[in-house]
Amino acid sequence: MAKFAKVIIDQDAKALDKVFEYIVPQEMSIEVGMRVYVPFGKRVLQGFVVGLSDSCDYDESKLKAIISMIEDFSAIKKEMLELMKFMAKKNHLKLASILRLFIPAEMREGKVKELFETIYLLNEENVEKLQKNAKKQQEIVEYLKIHNSRASSNEISQYGYGAIKALCDKGILQKEKREIKRTPFVLSIDAKKVKLNYGQENAIKTIKEDKTYLLHGVTGSGKTEVYMHLIERALSEGKNAIMLVPEISLTPQIMSNFKARFGNNVALLHSGLSAGERFDEWKRIFSGQARIAIGARSAIFAPIENLGMIIIDEEHEQSYISESNPRFDTHDIAEFRARFNHCPLVLGSATPSIESYEKAKQGIYQLIELATRANGKELPKIQIIDMMNEIRTGNSGIFSNQLLADLANVINNKKQAMIFINRRGYSSFMRCRDCGYIAKCMDCDVSLVYHREDNRLKCHYCGKQYKVLTKCPKCGSENIKNGAVGTEQVVAKLKEYFPDVKILRMDNDTTSTKNAHQKILSEFKNTLPCILVGTQMIAKGHDFENVVLVGIVDADQSLYHADYRSTERTFQLITQVSGRAGRSENEGKVVLQTYSPRHYVYKFASNYDFKGFFRKEENIRQTAQFPPFTRILRVLFVDHDENYVRELLKICYTELEGLKEKYGDDIIYLDAMKSPIKRIQDKYRYQIMMRFKLAKADMIEEDVFNIVDKNAKTSVFFEVNPQNLS
Ligand code: ADP
Ligand code: ZN
Ligand code: ZN
């Protein structure tokens, strides 16, 4: 038995971010990875055992002993301890904050436990002790006799607790505790069997080595079928698998398909689960009962051993990058786990990120292509509508004449349409036409969004709600202007044009309750004709056979962000949304409305020319020195005290400027400024932006970490190639 344990204290504090030593009491069988209670100063804290040894580095007489074990198993497996070291170095994170990612939050907080029920078993030998006049007791015995001699307490509670107890006392019934697994609801369907086409066969045959594959397959090319075969093969080799899908495309369809194919081998991990469901699914994975973890980003931390396949579907999705603390990129974690387990990692997408495609081009990833739809259908035609031209010809509404005509057509033919608008609420802001006043959140430096449904102004950053403006609070004018169109308004206007048609809306506001997602989608599936209006929630994964028209109301919306990825993102969105149309016998069409019809992104997107787009974008990034050819680092300082962050920013910036001498033009850019949104939830936000050449990027980054860490006593966030610059 080891005498000493190395423990990481489960506290998110810089001063505690190291390994502490404790004595292991003789009677305690501690293993690496267990969670324990330890004395710390005057307090008792939770900790993770990350090592055991027979000797200690500190003065033994000063060491304290572990108090007790929290669970009697190692919640953190060996691989995850290695992953912790990797993430600490790569992402510059505190050890405890990494370990927290590896177990369900509710388990750490002691808020969930296994759920048990009592089962009663009939003991035939003692049935003779049954009293003749005990009517209730006889009924219970009868009930058990016709139910395989066992019943849950629920089933027999109607006979009264007194009778049950009497039977137990006589030994006629025996009590047993049984764990009830809480499992997420999944619509059950029959497993679909399809004959693989050549491209799919080829992909499956190719993907077998210990390396990373980029599966570039057009929408509807049957990537899901490829994933299922790869997972099936891994299982048949006695190995296990993880498949990640973006939160928003964790559609009932995907889940049902996998459940149908793999049954109870599948465990689901996503944010829609209750704490109990998440805990039980996690434990099913942990214990090896479930061999496939399917879920959003956090499922990459699933405690699965002996991995034979890791898949990231829609690999270009932003949601794979954790932007809040702790910050990390799921790709890095998946890469680590694949290499640790010597298994393939598959990145799938119809629109790979420029970064991943560049890696494929350089041979770091192996590229595999699925160039046609699995059912042999053409991709839907994309028609570009110049909205300036609509205005010139007298149409100043939200919808072009073409879109209205096509919608009317869809309705006449009893088919379905999807209308995509990536903005929720009714309009993006309220502004006084006379003095220019804009309604803003008190705690955040952003304008409020008007929601007509509950007649409120809402802050989309902190959730605060405000009364609607009828009069300008500054000048009293009643001349109030609404900003850009959101989903609510699109639905309202569509109802004016098509009063008898069912129109559904899917966005964050209509899907906040449990299973709401599922309800909207199944109503859509069963209604003809029908129009579904939604944000990017409707862009991914759905496979509805009656959708023949997709309308993109405001394609430019994602185009003019001050962000080097905005064009790429626009291309991805158009391709994904368009992919929802014409997936079966019915031919599909896309109407794309824009005020900049000549922007190159529309030319490439409307021809589904990913490679052309990639070449153009690659060229622009290379010339302008942006990622993936350079690295961007944002250091974000956040605090309630504005003077303090400003001071800190100044100190760090001055010291960082010194790096310019050391690294010369390997540092392309360095500047300090307010963040674009300078206050969120009443915390001030300042930042240092840096851009480096790749050759020395790791070294420079290390120096930046050290300089900032030395000075900062507040919340500092390091973001590499940030997705969102708010
Ligand atoms: P992707 O994920 O690439 O967009 P899906 O996996 O959703 O595409 O497949 C699109 C449709 O094609 C699904 O309905 C699927 O069942 C079907 N499909 C997949 N492979 C085949 C095949 N080999 N033959 C016929 N249909 C297929
Ligand atoms: Zn005003
Ligand atoms: Zn706010």
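What arrangement do the 4 donor atoms around the zinc ion (ligand 2) make? Start the tour there, with the reminder that the model is predicted.

**Stop 1: the zinc ion (ligand 2)**

Select the zinc ion (ligand 2) together with Cys 432, Cys 435, Cys 472 and Cys 475, whose SG atoms coordinate the ion at 2.3 to 2.4 Å. The arrangement is tetrahedral, because the 4 donor atoms subtend angles of 105 to 113° around the ion. Four donors count as tetrahedral if all angles lie between 85 and 135 degrees. Now look at the sequence: the donor residues of this zinc ion (ligand 2) follow the spacing C-x2-C-x36-C-x2-C.

Cys 432 has a relative accessibility of 2% and so counts as buried. Cys 435, whose relative accessible area is 33%, is partly exposed. The cut-off for buried is under 20% relative accessible area, and partly exposed residues fall between that and the exposed class, which begins over 50%.

**Stop 2: the zinc ion (ligand 3)**

Next select the zinc ion (ligand 3) with Cys 441, Cys 444, Cys 459 and Cys 462. Each of these cysteines is listed with its SG atom as donor, at 2.3 to 2.4 Å. The site of the zinc ion (ligand 3) is tetrahedral, with angles of 106 to 111° among its 4 donor atoms. Along the chain, the donor residues of the zinc ion (ligand 3) are spaced C-x2-C-x14-C-x2-C.

Are Cys 441 and Cys 459 buried or exposed? Cys 441 is buried, with a relative accessible area of 5%. Cys 459 is buried too, at 2%.

**Stop 3**

Asn 455 sits in the loop between β21 and β22. Its phi is near 50°, a positive value in a residue other than glycine. At 44% relative accessibility, Asn 455 counts as partly exposed.

Then move to Arg 423, in the loop between β19 (416-420) and β20. Show its side chain and the backbone oxygen of Val 485: the side chain of Arg 423 reaches that oxygen at 2.7 Å. Arg 423 has a relative accessibility of 17% and therefore counts as buried.

**Stop 4: ligand 1**

Select ligand 1 and the residues around it. How many residues surround ligand 1? There are 16, and the closest are Lys 195, Gln 200, Gly 220, Thr 224 and Asp 543. By type, the shell around ligand 1 holds 4 nonpolar, 7 polar and 5 charged residues.

Polar contacts to display here include the following.

- Gly 220: a polar backbone atom lies 2.6 Å from an oxygen atom of ligand 1.
- Ser 221: a polar backbone atom lies 3.2 Å from an oxygen atom of ligand 1.
- Thr 224: a polar side-chain atom is 2.8 Å from an oxygen atom of ligand 1.

Taken alone, ligand 1 exposes 560 Å², and the protein buries 79% of that area.

**Stop 5: backbone details**

Most residues other than glycine have a negative phi, and most peptide bonds are trans.

Glu 314 is not a glycine, yet its phi is positive, about 50°. Look for Glu 314 in the loop between β13 (307-313) and β14 (321-322). Glu 314 is buried, with a relative accessible area of 8%.

Next, select Leu 528 and Pro 529: the peptide bond from Leu 528 to Pro 529 is cis, with omega near -10°. Pro 529 belongs to the loop between α16 (516-525) and β26 (530-534). Another cis peptide bond joins Pro 627 and Pro 628, with omega about 10°. Pro 628 is in the loop between α19 (610-624) and β29 (630-639).

**Stop 6: a distance across the model**

Finish with Gln 138, in helix α4 (residues 135-145). At 26% relative accessibility, Gln 138 counts as partly exposed.

Technical notes:
Residues numbered from 1 in each chain as written. Chains lettered and ligands numbered in written order. Predicted model: local features only at pLDDT ≥ 70, side-chain atom pairs only at ≥ 80, totals over all residues. Heavy atoms only, no water. Donors = N, O, S within 2.8 Å, 3.2 Å for Na, K, Ca; no water. Tetrahedral: all angles 85-135°; square planar, octahedral: opposite > 155°, others 65-115°. Buried < 20%, exposed > 50% of the residue type's maximum accessible area, 1.4 Å probe, protein only. Near = heavy atom within 4 Å. Polar contact = N/O pair within 3.5 Å; in protein donor to acceptor, adjacent residues only side chain to side chain. Areas by Shrake-Rupley, 256 points an atom, 1.4 Å probe, with all protein chains shown as cover. Nonpolar A, V, L, I, M, F, W, Y, C, P; charged D, E, K, R; others polar. Helix = DSSP H or I, 4+ residues; strand = E, 2+ residues; numbered from the N terminus.
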